[in-house]
Amino acid sequence: MNSADTSKSKASGRVYVVYAVIMVLAVMQIVVAMQRGPSLVFMLLVGVLQAWLAVTYFMHLGEERPLLVLALIPYTIFVLLMMNVIWSDSFRLLRMRPH
Amino acid sequence: MGGAVSQANLAVDSHIGTMEAKPFAIPSSKLVMWLFIISDAVTFGALLFAYGYIRNASADWPTPFESSSIWNSLLMTFILVTSSLTVLIALKAAQADDRAPAFRWVIVTAVLGVLFTVLHLREWMDLIGKGVRTFHNPWGAPMFGATFFAITGLHMAHVIGGVVALIATGLIYKAGRYSAKHIEILALYWHFVDLVWMFVVPLVYLMNMKR
């Protein structure tokens, strides 16, 4: 077996580990939500971790050129972060609604 | 002066017929799929933010999901993540040019997608049976149904579209007219559908769990 075959075999083995980790995280999310009640921050952190694992190891973005990662990811995160401007108006609606 | 012009002409001539190297070192079709995924991620992001906006602004937001719905969502997660694994196995077979196993695993992925859709529709029917409509429900804030059906419906539409694409691409690949590259691009899309679900479950199901 040459080094290319060894690295391919390692990569496919890693995919099964990532699959198991994603599933364990999904179960953990539900168990924690059922026992302690859902915490938005915890849920989002676990979701981001699962998404990072899927993008890196399932979609193989980690194996692409860094330039591609730079062209795709920071702008997406920036747009999603900018969407957070809505929260002030959402709280305004909650507190100023007529009862 | 004349010498300078001829030098410039020579420089231009030497580039005629050559292509600029691809900056990302991936096929254009794969880049297009990545750009689609990014724009679709922002679309789902906008929907989830809109849901968060309405949920936060509503004092009487319903929390109707009982433990049976939550375990059903875990089963759906298991099916979808497993389908991501099976499409990777199909891709590996396709890259080794093993067409029959690659086609078989693509079809297994499509079947898992159908199973996911059936479970999801069962969940929808259960909620509709309890009186949930897009702008009405028996428990509280009327927009609950609109946000739930919009987010999960868009995701389900992606799954159904993916199943159709998997079957079509699988058949064309089996016939020898598509290569492993096409399976790889479709696999990217399928993983993205899986990725979106990782945010739908906690934000839509777990945050609205009955307590």
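1. The side chain of N137(B) has a polar atom 2.8 Å from the backbone oxygen of A141(B), and a polar atom of that side chain also lies 3.0 Å from the backbone nitrogen of G140(B). A polar contact here is a pair of N or O atoms within 3.5 Å; within protein, one must be able to donate a hydrogen and the other to accept it, and residues adjacent in sequence count only if both atoms are side-chain atoms. This is a predicted model, in which local features need pLDDT of at least 70 and side-chain atom pairs count only at pLDDT 80 or more, while totals for chains, interfaces and linings use all residues. Residues are numbered from 1 along each chain as its sequence is written, chains are lettered from A and ligands numbered from 1 in the order in which they are written, and side-chain values use heavy atoms, with hydrogens and water left out.

2. N137(B) sits in the loop between helix 4 (99-129) and helix 5 (143-174) of chain B. Helices (H or I, at least four residues) and strands (E, at least two) are DSSP runs, numbered from the N terminus. The relative accessible area of N137(B) is 6%, and N137(B) is therefore buried (under 20% relative accessible area; exposed is over 50%, partly exposed in between; 1.4 Å probe, protein chains only). Leaving aside neighbours within four places in sequence, N137(B) is in contact (heavy atoms within 4.5 Å) with P62(B), G131(B), V132(B), P142(B) and F144(B).

3. Chain A has 4 helices and 0 strands. Of its 99 residues, 30% are buried.

4. Between the chains, 46 residues of chain A are in contact with 49 residues of chain B. The two chains bury about 4300 Å² between them, 81% of it on carbon and sulfur atoms. W34(B), F49(B) and Y53(B) supply 16% of the area that chain B buries against chain A, more than any other three residues. Buried area is the accessible area (1.4 Å probe) that two parts lose on being put together, summed over both.

5. The largest pocket has a volume of about 1200 Å³. Its lining has 35 residues, with L44(A), V48(A), L80(A), F49(B) and F199(B) nearest the centre. Helix 2 of chain B gives the largest share of that lining, 12 residues. By class the lining has 27 nonpolar, 7 polar and 1 charged residues. Ala, Val, Leu, Ile, Met, Phe, Trp, Tyr, Cys and Pro count as nonpolar, Asp, Glu, Lys and Arg as charged, and the others, Gly among them, as polar.

6. On a 1 Å grid over the protein atoms alone, a cavity is a set of points where a 1.4 Å probe fits but cannot get out, and a pocket is an open set with protein on both sides within 12 Å along at least five of seven lines; lining residues have an atom within 4 Å of a point. Grid points are joined across faces, edges and corners, and a volume is the space filled by probe spheres set on the points. There are 2 cavities of 30 Å³ or more.

7. The largest cavity has a volume of about 60 Å³. Residues of both chains line the largest cavity, including F58(A), H60(A), K30(B) and H191(B). Helix 6 of chain B gives the most to this lining, with 4 residues.

8. The second largest cavity has a volume of about 50 Å³. Its lining includes Q29(A), Q50(A), T77(B) and W197(B), and divides into 7 nonpolar, 3 polar and no charged residues.
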